[in-house]
Amino acid sequence: MRPRYHYAPTANWLSDPNGLVWQDGEWHMFYQYNPFGEDWCHMSWGHAVSPDLAHWQEMPVALAEEDQTMIFSGSAVIDHVGSAGFGNDAMVAIYTGARTDRAHQFQCIAASNDRGRTFVKHPGNPVLDRTMADFRDPNVFWHEPSRRWIMVVVLSDENRALLYASTDLKAWAELSEIPTDDAPGHLWECPYLVELPVEGSGETRWLFKVDVLSGAPGSGALYRVGTFDGERFEPQTAWQLADHGDEFYAAIGWNDPRDRSGRPAWLGWMGNHAVQKHLPRQGWRGAMSLPRRLSLRMAGDGFLLVQEIEPTCRALFGNPEAMSLGQGPRPLAASALLSVRAGDTCHFAICDDAGRNLSCSLRAGQFQVDRRDPVTPQLDRTSTMAVGVDAPVSIWLDSGSIEVIAGGGTACLTLQHRLQGEAWAIRGEGRLDALYLASKA
Ligand code: FRU
């Protein structure tokens, strides 16, 4: 079963989003992709474009593995003034070249002058090399106050992230290190540093996010909020979790264009390196989360990350329909947006014919999803998060995934699942305040 409203490639392996960039009305999404099969191998950049962040069109592979060098994760920028020498408005991809023998990773660039359709790898690659085996995932943005490009990149195996600066995307000078403090878990991947609006204040703060491969709670997407002066990130909060499910990994954002509230959008890979290889084959493997708009909310003396599903995705859904549970099982379309009213207590299970099920419960401000899969027991997992009682819980259900957004966007829980069929059964106690069926759009 393919997702109805999430992006998945027609065939083969997909993982991290890469090179999220907007140009001339098109949202570009590149991503980790194996053009030859459903397993992690031959990493290249796949490509899709969207006019609205809701409808996606798959494009040919943008950057392919070559000379025993895979194309690992990275970012892309529009170089309006042609600072790198590839012409005004060139789209420049900044990615990790990863030797297939795993001995060496280094940062490279490639340029496109035809709106991301074709890229030419820079003959002077690599542009940044520490002759290390685990040095990857460059995320680059333009910093207007210091008028230069800033890169955040990880020394994965050392759980460290470094900042670099450049005026031409080719020569990079080391600036500083992101404070690590007591970050849980091991192996840092896919860092992201971005300035976000603080709700209702006219102020901004900076978010640093990094994914931790193992030993961190939930999805492993850890974040801190602080300041960035063009040289150094100074955290003002402890580590927090961007998503409490098992599968929201490697998220990065489109830093521009922002919406009217100054919010950028990001999305993550709804997969997990520990379980992906156990999933039964179906011709393709891996899907992206919905894009989410990002802001910060003051909480006590700190800040919380707020994620709101991109409003254009809500427009994919039809009219609400109230549903009372407790009258025996009833059919549920495989793509639905369910909502539980603030403060309600509710328990329900969504099942397919093979006995796979997602049991959800909201009680005393805690939301829990229990995922059980008799066909792929590696997926069995219980995920819980505090959601408070003041805001509704929205449950975005699709073939392959469930995304729960609560606490007014401060609590998110993303999981993949393998429920089969066009419709499932739902049974439980309580009331789902609304059910929206996906329109034919
Ligand atoms: C995260 C990651 C990145 C790496 C890429 C390789 O999922 O391991 O660190 O660049 O995937 O596919």
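The legends below describe close-up views of a predicted model.

**View 1. The largest nonpolar core of the predicted model has 40 residues.**
Met29, Leu207, Trp254, Trp266 and Leu305 are the members with the most contacts inside this core. Strand β19, which covers residues 249-254, gives the largest share, five residues. Apart from this core lies another one, of 30 residues, with Leu332, Phe348, Ile350 and Cys360 among them.

**View 2. Leu305 and the residues it touches.**
Leaving out residues up to four places away in sequence, Leu305 touches Leu196, Leu207, Tyr223, Ala242, Trp266, Leu294, Ser295, Leu296, Gly409 and Thr410. Among these, Leu207 and Trp266 are also listed with Leu305 as residues with the most contacts inside the largest nonpolar core.

**View 3. The largest pocket holds about 820 Å³ of space.**
Its lining is made of 34 residues. Phe141, Trp142, Trp149, Asn255 and Asp256 lie nearest the centre of this pocket. Two or more lining residues come from each of β1 (12-23), β5 (69-79), β10 (136-143), β14 (186-197), β15 (204-214) and β19. By residue class, the lining of the largest pocket divides into 18 nonpolar, eight polar and eight charged residues.

**View 4. The second largest pocket holds about 530 Å³ of space.**
This pocket is lined by 26 residues, and Trp40, Phe72, Arg102, Glu189 and His273 are the closest to its centre. At least two lining residues are supplied by each of β1, β5, β6 (90-99), β10 and β14. The lining of the second largest pocket consists of ten nonpolar, six polar and ten charged residues. Strands β1, β5, β10 and β14 are also named among the elements that give two or more residues to the lining of the largest pocket.

**View 5. An open sheet of five strands.**
The strands follow the order β4-β3-β2-β1-β21, with mixed pairing. At the edges are β4 (57-63) and β21 (284-285), each of which pairs on one side only. Within the sheet, β2 (residues 26-34) and β3 (residues 44-50) run antiparallel and are paired over seven bridges. One of the residues in this pairing is His28, whose bridge partner in β3 is Val49.

**View 6. The hairpin of β12 and β13.**
Strand β12 covers residues 160-166 and strand β13 covers residues 173-177; the two run antiparallel and are joined by four bridges. Leu162 stands opposite Glu177 in β13. Six residues lie between the strands of this hairpin, in which Leu169 takes a positive phi near 65 degrees. Most residues other than glycine have a negative phi.

**View 7. Two cis peptide bonds, at Pro126 and at Pro257.**
Most peptide bonds are trans. The bond from Asn125 to Pro126 is cis, with omega near 0 degrees. Pro126 lies in the loop between β8 (120-121) and β9 (128-132). The bond from Asp256 to Pro257 is also cis, with omega near -10 degrees, and Pro257 is found in the loop between β19 and β20 (265-269). Asp256 is also one of the residues that lie nearest the centre of the largest pocket.

Leu53 counts as buried because its relative accessibility is 2%, under the 20% cut-off. Asp89 counts as partly exposed because its relative accessible area is 38%, which falls between the 20% and 50% cut-offs.

**View 8. Ala299 in strand β22.**
Strand β22 covers residues 292-299. Ala299 has a relative accessible area of 34%, so it is partly exposed. From C-alpha to C-alpha, Ala299 and Leu379 are 34 Å apart in space, and they are 80 residues apart in sequence.

Definitions and conventions. Residues are numbered from 1 along each chain as its sequence is written. This is a predicted model: local features need pLDDT of at least 70, side-chain atom pairs count only at pLDDT 80 or more; totals for chains, interfaces and linings use all residues. Side-chain values use heavy atoms; hydrogens and water are left out. A nonpolar core is a set of buried Ala, Val, Leu, Ile, Met, Phe, Trp, Tyr and Cys residues joined through side-chain atoms within 4.5 Å. Buried means under 20% relative accessible area, exposed over 50%, partly exposed in between (1.4 Å probe, protein chains only). Contact means heavy atoms within 4.5 Å. On a 1 Å grid over the protein atoms alone, a cavity is a set of points where a 1.4 Å probe fits but cannot get out, and a pocket is an open set with protein on both sides within 12 Å along at least five of seven lines; lining residues have an atom within 4 Å of a point. Grid points are joined across faces, edges and corners, and a volume is the space filled by probe spheres set on the points. Ala, Val, Leu, Ile, Met, Phe, Trp, Tyr, Cys and Pro count as nonpolar, Asp, Glu, Lys and Arg as charged, and the others, Gly among them, as polar. Two strands pair if DSSP finds at least two bridges between them.
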